[in-house]
Each structure stands twice: as C-alpha cells, then as structure tokens.
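Here is a short briefing on one protein chain. Please look over the sequence and the 3D structure first.

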Amino acid sequence: MKCFCITFFGLCAAASAAWQAGVAKADITPAESVPLAGYGGKTRMSQRVEHPIWLKALALKDDSGAISVLVTADLVGLSDKMIAVIAKNALEEHRVPRERLILNTSHNHSCPVTEDVLWLYYEFTPEEAAVKDRYTQMVYAKYDEVIGKAIANLAPAELAFEQGLAGVAVNRRRSRGAESRAFGGQVDQDVPVITMKTGTDPKAIVFGYSCHTTALGGLSINGDYAGFAQLELEKSFPGCVAMFVQNCGGDANPLPRIRGKDMEATELAGMYGKVLAESVRQVVAGTMKPLGGPLRAAMGGTELELQPGIPLDELKQRVPNLTGMPKREFEHFIRQYETLGSPPDRVKYPVQVWQFGPDLTFIALTGETVVDYSLKFKSTYGWNNTWVCGYNNDLTSYVPSLRVLKEGGYEGVTGMFEYGHRAPYTETVEERITTKVDELVKKAK
Ligand SMILES: [Zn+2]
C-alpha cells in the first residue's frame, strides 16, 4: 500500500510539474461616462465607478508545447464581430489557435456597452454611439495586451482543482408571479475552482458560478457580485489574480435583489460576493486534486433550428403600433425579409472542450445557457471532474433546455426577439447541443 501511495503521488507531481502557466490582468474601467449594458429601455449613462472592471487571462502551456488561454471579463457578453477581432489577434500576434482560446464573460450588467452586443436593446444618440465605439476600441487593445502578458509570464507551475458550494443563486423563473410558481427551481450552486501556484501561494484562482450578475442595475461601473468576490479574493491572497467564470446562470439570479436603492443594493451585491469568495477560500484552504496535462482542446459547432417567424405582412401591419425595442425588433425582421429573403431559420452554436489529462473536462458552451446543461453534463461525465460554463463566444440568445422551452417564459420563448432571432428554438435544441458536446468530449479524451 505504501509503495502504491509513493508511486501515486510521484506520478501526480510529475504530471503537474509539466505545466507552465502565466496570468495577467488589464483594467477596462472607462475613463468617461459611458452607456451601461445589459438592461433594455432608457439609456443609462454611468455616473461613478464603484470599483474597476477587468479582463484577466490565464495562459497554460503543457509538455507538448501547446499554449491555451482562458480570458475572463467583467463584461455583459461578446458578439460574433468582437470574437472575430479578438481571436484573429490572438492567432496572428500570439499564435493561440481558436480552439485553445476560451473567451468567457461574467454577464455583468454594470459595464459599458461594447460594439454590437445586444444591439437591439439600445437607441443611442450619435454622441453616445461615439463613446461606445471609443470604449470598444480600448477593449480590443486590452484583450490583445492581456493575452500577450499572460503568455509572456509563463513559468513552471502547478494546477489543482476542487469544488465548493455557495447559496446565492436562485432559479429566477420562479420569481415572476403566481403563474411562474410551477416552473422548476433547479439551480447549480457548485463553485468549481482551479488554482495555479508557482510556489506555495496561489498566483491565479479561477472560480465559477451559475448565476446572473444582476444584483445591481444602477448607474455605477462595477463587476456586480462577481466583481466583489474577485476583489475579496485578491485581498485575501495578495499578488494573486482572481478570475470569475460565468457558468450556466441563464435562469438564475442573485436573490433577493433591491431595486432603485443604489447604496443598499451595492451592500447586498458585496455580501453575495463575500459569500462566494468564502466558498472559494474554503476550497483553496482544503485539499485540492492536482490537475495534470496535457490539455487537449476540441472545438466544433452545431446549428440550432428556429421555429417559423412572423410573416412579412403581419410584421408590416403591426410595426406602426410599436415603439422602442419591439419596434426595432420588427424592423430588423422586415429588413431580413428584404435583404435575405426571410429571417434565418437557424443559429450557429459553437462548443469548446478542454480536457486536462485524466482529471478535468472543461466544457465551454455559447450564450445564456440555462442550468439544466450544467447539471446534465456533470451527471453524464462526472460530478467531481466536469466544469460546464456558458457565456462564451457570441452572447447569441438564451439557450433553453427542452424542459425550459416547453415551460415557456422569458428564457425559453419570449426572450428570443431581443437577440434578433425570428422565433424560439425547435424542440431539437437540447439534443443538438448534447450530441455536439458528446462528440467533442470523446475527441478531446
Ligand atoms: Zn441574461
């Protein structure tokens, strides 16, 4: 038995010693008042900075020499256009291939609007649009900078993984009045954590949670509860970069929330951040499993089919009676009929899988993925060695499971127009994603 233990730990040490890792952060706090992202309706111009917001990157080089980079962001999301710019730079400037670049956003609702993300939400004056464009250019430059710096910082390191729990997330579909009480209360309160150490102290802590960053919705720039959690951890571990990954929080909110009372709401968001940070601290203080290499990366895509949209005649008939976002949505569909023949009948859906040796399967999905996907894939591939995150790539739409689609409501049905899609997905949505994930998990093994 003793012999086995020595061999076992010897192997683990050899596996972890093969990593080189580097971490970096770049401040993306706007220098001027900017339009705030994430909520439709009246444009909210920022009035103050509660705390800075960040891009953070972890570069990992395994013993095959391949470099992979995870970038997290205190942003609401990215668009296809933004992904194309960032990924092109990463490849051309830093030789990071697309499948080895994961771009996650915290889905922060207290950050500036960038490029064309959620473009149907907003109606900007030319001045506001110019502010947004200036900010977007800064963000592109910072993505380039943070990826480059993380790679430049590569040094021998050890990685470890474990999970904790935190009770902040509540299934928000149940919070919309009497009729919503029949909706399921599913949540994923796991807090997966990866630490990167080059000595005894962590240099990077990557932690995830499945919950909208919507404790706040005032006029300040901040990272919401995830920003507070990152700050708290960076205070506890001086010199460490804490990175938040949004998991499958499409149908979860931090609840309760306080609306219209900015200061009290900030205090509450801070408390949620402290709860999450405490869970991470307990994981880091406990025994974590060494994470071995190599890191095998697989990327592919499927197409999610949409139900039929509203006929052109009907759109034209109804549009004069509409204002605001519904009007912009209908005008968008009319333009699609005029330029494309009809609004597209499907949506591109990229999926990425990173397999860390035999120890961890990291599944990165696209868009506002609901909790069922996290629970499902952890059940399929292992509760103790699977991390599932949404909010990567394009913030394409809510991504309902078959259950959520059939139940209806905002995340399954009524939210689709806001993302420029003609109708809800068909009942093949979950099956299509599951098939692609399965294929890529096998490929990356
Ligand atoms: Zn959302």
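Predicted model: local features only at pLDDT ≥ 70, side-chain atom pairs only at ≥ 80, totals over all residues.

Residues are numbered from 1 along each chain as its sequence is written. The chain is divided into domain 1 (16-299 + 348-444) and domain 2 (309-344); these bounds come from an automatic or database domain assignment.

**Nonpolar core**
- The largest nonpolar core holds 122 residues. Such a core is a set of buried Ala, Val, Leu, Ile, Met, Phe, Trp, Tyr and Cys residues joined through C-beta atoms within 7 Å.
- Buried means 20 or more other C-beta atoms within 10 Å of a residue's own; 12 or fewer is exposed, and in between is partly exposed, with C-beta atoms placed from the backbone.
- Ala-57, Leu-58 and Val-69 touch the most other members of this core.
- Helix H3 (residues 126-152) gives the core its largest share, eight residues. Helices (H or I, at least four residues) and strands (E, at least two) are DSSP runs, numbered from the N terminus.
- Beyond four places in sequence, Ala-57 contacts Val-23, Ala-24, Val-69, Leu-70, Val-71, Val-146, Ile-147 and Ala-150. Contact means C-beta atoms, placed from the backbone, within 7 Å.

**Helix H3**
- H3 has 27 residues and spans 39 Å from its first C-alpha to its last, close to the expected 39 Å. That expected span is 1.5 Å times one less than the number of residues.
- Its buried residues include Tyr-135, Tyr-143, Val-146, Ile-147 and Ala-150. Lys-132 is also buried.
- Strands E1 (20-27), E3 (54-61) and E4 (67-73) and helix H2 (80-94) are among the elements covering these buried residues.

**Strand E3 and its partners**
- Eight of the eight residues of E3 are buried, so this strand is largely enclosed by the rest of the structure.
- Trp-54, Lys-56, Leu-58 and Leu-60 point one way from E3, while Leu-55, Ala-57, Ala-59 and Lys-61 point the other way.
- E1 pairs with E3 in the antiparallel sense over eight bridges. Strands pair if DSSP finds at least two bridges between them.
- E3 and E4 also run antiparallel, joined by seven bridges.
- Ala-59 of E3 stands opposite Gly-22 and opposite Val-69 in E4.
- The E3-E4 hairpin has five residues between its strands, and Gly-65 there takes a positive phi near 95°.

**Five-stranded sheet**
- An open sheet of mixed pairing runs in the order E12-E10-E9-E7-E14.
- Its edge strands are E12 (241-246) and E14 (289-290), each pairing on one side only.
- E7 (residues 158-165) and E9 (residues 190-197) run antiparallel over eight bridges. Ala-160 has Thr-195 in E9 as its bridge partner.

**Domains**
- The centres of domain 1 and domain 2, taken over C-alpha atoms, are 32 Å apart.
- Their contact takes eight residues from domain 1 and seven residues from domain 2.

**Asp-359**
- Asp-359 sits in the loop between strands E16 (346-356) and E17 (360-366).
- Asp-359 is partly exposed, with 19 other C-beta atoms within 10 Å.
- Setting aside residues up to four places away in sequence, Asp-359 touches Phe-161, Lys-289, Leu-291, Gly-292 and Asn-385.
- Glu-264 is 95 residues from Asp-359 along the chain, and their C-alpha atoms are separated by 42 Å.

Definitions and conventions:
Contact = placed C-beta atoms within 7 Å.
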